[in-house]
Amino acid sequence: MSKFVYFFGDGHSEGKADMRNLLGGKGANLAEMSNIGIPVPPGFTITTDVCTIYYANEKKWPEGLKEQVKEAVAKVEATTGKKFGDPENPLLFSVRSGARVSMPGMMDTVLNLGLTDTTIKGLEKQNARFAYDSYRRFIQMYGDVVRGVDHDLFEEAIEKAKNEAGVNNDSELTPEQLNVLVAEYKAIYKKATGEDFPQDPWTQLEGAVNAVFNSWDTDRAIKYRQLNNIPGNWGTAVNVQTMVYGNLNDSSGTGVAFTRNPATGENVFYGEYLMKAQGEDVVAGIRTPHEIADLKEEMPVIYAELEAIYHKLEQHYKDMQDIEFTIEDNKLYMLQTRNGKRTAAAAVRIAVEMVDEGLIDEKTAVLRVGPEQLDQLLHPMIDPNFKGDVLTKGLPASPGAAVGRVVFTAQEAEEWNNKGEKVVLVRVETSPEDIGGMASAQGILTARGGMTSHAAVVARGMGKCCVSGAGDVKVDFAKRTFNVGGTEVKEGDWISLNGTTGEVFKGQADLIEPQVAGDFATLMGWADKYRQVGVRTNADTPEDALRAREFGAEGIGLCRTEHMFFKGDRIISIRKMILSNTEAERRSALDELLPYQKDDFTELFKAMKGLPVTIRLLDPPLHEFVPHTDQEQAQMAKKMGRTKEEVKAKVDSLEEFNPMLGHRGCRLAVTYPEIYEMQARAIMEAACELNKEGYDIVPEIMIPLVGDVKELSYVKDRVEKVVKDTLSDYGVSFGYQIGTMIEIPRACLTANEIAKEADFFSFGTNDLTQMTYGFSRDDAGSFIKDYIDKKILTSDVFATLDQTGVGALVEVAVEKGKSTNPGIKLGICGEHGGDPATVEFCHKVGLTYVSCSPFRVPIAKLAAAQAAVKNPR
């Protein structure tokens, strides 16, 4: 029989840290902490395999699980001296989720499990107030999580009880008042479910375990997995752990801390705690907690023990840890440790400083920073010289800048974002249900909650700017406004957040561009040291090229010449060429375009200072450039001495049923070779003149959309004749390359023939994906989400390369191309070029370089380094 349950605690755990795939991150780390002598309340972990079986088996437990759970409970009873269901000394449990990667707040938890009308008597002997408070919390949590009873019904009942008692806080209610509240909570439960609150602890345990498994597939958990590329088939483990109570008495408390500052990376103990509270009170943000440093004054002995433990954990795991602890009657227990979520800035600083401290080496440091995290560092920040109107100041929970229009619900944030609006989500506090809105917003502002609240932790993980605990913010959801000291801010008004300082500004703040410097530059230097794949950029303008060079691009892998035709009045010339009736007319219009194109290429070559520049000749169908409105057609008719009807007829004749598979790319040059001849001359004239000035330019001319070697041969012959003629005209000699984009499946399958004619291949994976799947990339957005939701696809194939199908074609092309041209240069220039998973694939199959947008250059470089560290060639 399979082993489904693993005991932990008392220094003799059945699991260990490297079993996270089976035990989940939390279960593996609880076992590991126990094994290295850290005080952990004993318990057991139900494996992730059970979750998978549970869903495959119509949500039923596998055979043998009940017996293994009972054996594990007996072990915990023997360790603690308490009995599950015993009225004298009851064993109570927390039941928590634990996926193999952290998903903070996304799945469900049940605390105080095992309390019944009988077992409550055992707690009453310790502290009557604590006993009834624990029981009412349990009924509320079990009702909400396990049976779906509306959480607000319980909240309304406790608010009513406080009003009747004339008190403001839960902690001020007397034992008698709490006992009455327990009865009211039971009545709420019965009215909502039609059943009495369960009095059998084993029934409670089964219900709670099932609820945790069910929470793996809630909307918020699915959304979080999609945002973080976590596979849905991993499942979650369930951790059943002995309860320890931070709300037992004045010598009890609970807290969440990080071994380093997760926002900045500073090497200081960072966290928060609350006395007379349970862990949920800290992360929910309902009460504003104390800074962890205050514990040193309040409980110096406990603080010293906690300090020793956090140092031990960081040394053991060799990474910054996120820890949860409870103090029960002056005794410290650790409830969790995990590698802490951190901002990009913190991740970079921690990685670099841990190398300096000798804790890790450079290769490990390179692996410590998620490539996607760097995106946070590559976008504008609020200008330090900006002098705006500061509305209020909260806690700087997650750094960066957010400028957007105010919305008050997660749903509105998603809706406004889908319309192209930038928004800031303003809440009293966030909850896991807000995950979609938080992902859609530029930033998050909350009135309540600390630095370890849900909003803060999730925002840091997402790289979203967040200001939390802005107590002056008074939110009125009914009016869709918030008020700060008499200033009213309405839905749709602009505000700006500075997540580094906690400041909130009215209006739109000034932003500044990021710089590659300091620890970031150090990390990127290590990435350059270890990566084996080059990184270029997709750039059509000198400005994009310069920005990419600042980020370390080693050349341009794709310059799209068609984008240049829309500058200034040159669209008139391109339209003249398209609307011409004879080759002579077309050549005349192209002669007008030539100096513009030459200037464009000159500036691009200058910006790259001798680095390689791959220029793709005209690719889109001509219909994209023609005049479509009556006014534009009349204007062109006048310029060309034609009637408007003649122009309209020519425009209509160019319309295609499926233009992306129509007359475009090299097919244009087969029909109108003079187009590519003009572009080739412009490229070479620019290169010749710059080489005469002392530049070292080696142009790379790329012919797009080749599906047959004969197409390439035909077009290349005409392009190369222009190249040679231009070199002769200028009396110079230097190298050049003529290659092709591989973006048609047939080109992959015949790459051995095509490689005989090409100096390089550049995989255009946007079109290759489109043609392999038969998806129109312009239309796929309307249905691809359904494919992901229904688990047909794990991700958007236009964002992350499909390695099984499209990737297999790339591998075939690489192998075939090298078979006839061993020295062929191989790159990728589709949107996939900046996707870390795709970069790793490109390393594996032996590509020379990847090319991506300027802001993704550091991301691609780090991903390439990580691929090389994990799988050196």
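Reader: Is Glu-155 buried, partly exposed or exposed?

Author: Glu-155 is partly exposed, because its relative accessible area is 30%, and buried here means under 20% relative accessible area, exposed over 50%, and partly exposed in between (1.4 Å probe, protein chains only). This is a predicted model, in which local features need pLDDT of at least 70 and side-chain atom pairs count only at pLDDT 80 or more, while totals for chains, interfaces and linings use all residues. Residues are numbered from 1 along each chain as its sequence is written, and side-chain values use heavy atoms, with hydrogens and water left out.

Reader: Where is Glu-155 found?

Author: Glu-155 is found in helix 6; helices (H or I, at least four residues) and strands (E, at least two) are DSSP runs, numbered from the N terminus.

Reader: And which residues form the negative surface patch?

Author: The negative surface patch is formed by Asp-144, Asp-150, Asp-152, Glu-155 and Glu-156. Patches take residues with over 30% relative accessible area and no salt bridge, joining like charges within 9 Å and nonpolar side chains (Val, Leu, Ile, Met, Phe, Trp, Tyr) within 5 Å.

Reader: Which helix gives the most to that negative patch?

Author: Helix 6, covering residues 151-165, gives the most, with 3 residues.

Reader: Switching to salt bridges, how many does the count come to?

Author: The count comes to 61 salt bridges, where a salt bridge is a side-chain nitrogen of Lys or Arg within 4 Å of a carboxyl oxygen of Asp or Glu. Some of these residues are linked in a network of salt bridges, namely Asp-133, Arg-136, Arg-137, Glu-159, Lys-162 and Asp-170.

Reader: What about Arg-405, which side chain does it meet in a salt bridge?

Author: The side chain of Arg-405 meets that of Glu-421, at 3.1 Å from N to O. This pair links distant parts of the chain, with Arg-405 in strand 14 (residues 401-407) and Glu-421 in the loop between helix 15 (410-418) and strand 15 (423-427), 16 residues apart. Arg-405 is partly exposed at a relative accessible area of 22%, and Glu-421 is also partly exposed, at 28%.

Reader: OK, and Glu-429, what does it form a salt bridge with?

Author: Glu-429 forms a salt bridge with Arg-448, and the closest N and O atoms are 2.8 Å apart. Glu-429 lies in the loop between strand 15 and helix 16 (435-440), and Arg-448 in the loop between strand 16 (443-446) and helix 17 (454-462), so the pair ties together parts that are 19 residues apart in sequence. Glu-429 has a relative accessible area of 24% and is partly exposed, as is Arg-448 with 35%.

Reader: Where do Arg-681 and Glu-685 lie?

Author: Both lie in helix 25 (residues 673-692), 4 residues apart, which is about one turn of the helix.

Reader: Is Glu-685 buried or exposed?

Author: Glu-685 is buried, because its relative accessible area is 12%, whereas Arg-681 counts as partly exposed at 23% relative accessibility.

Reader: Last topic, the backbone: what is phi of Lys-59?

Author: Phi of Lys-59 is near 60°, a positive value in a residue other than glycine. Lys-59 lies in the loop between helix 2 (48-56) and helix 3 (65-80), and Lys-59 counts as partly exposed at 44% relative accessibility.

Reader: And where is Lys-609 found?

Author: Lys-609 is found in the loop between helix 21 (583-608) and strand 26 (613-616). Phi of Lys-609 is near 50°, a positive value in a residue other than glycine, and Lys-609 counts as exposed, because its relative accessibility is 60%.

Notes
Accessible areas come from the Shrake-Rupley method with a 1.4 Å probe; for residues, only the protein chains shown count as cover. Lys and Arg count as positive and Asp and Glu as negative; His and the chain ends are not counted. The place of a charge is taken as NZ of Lys, CZ of Arg, CG of Asp or CD of Glu.
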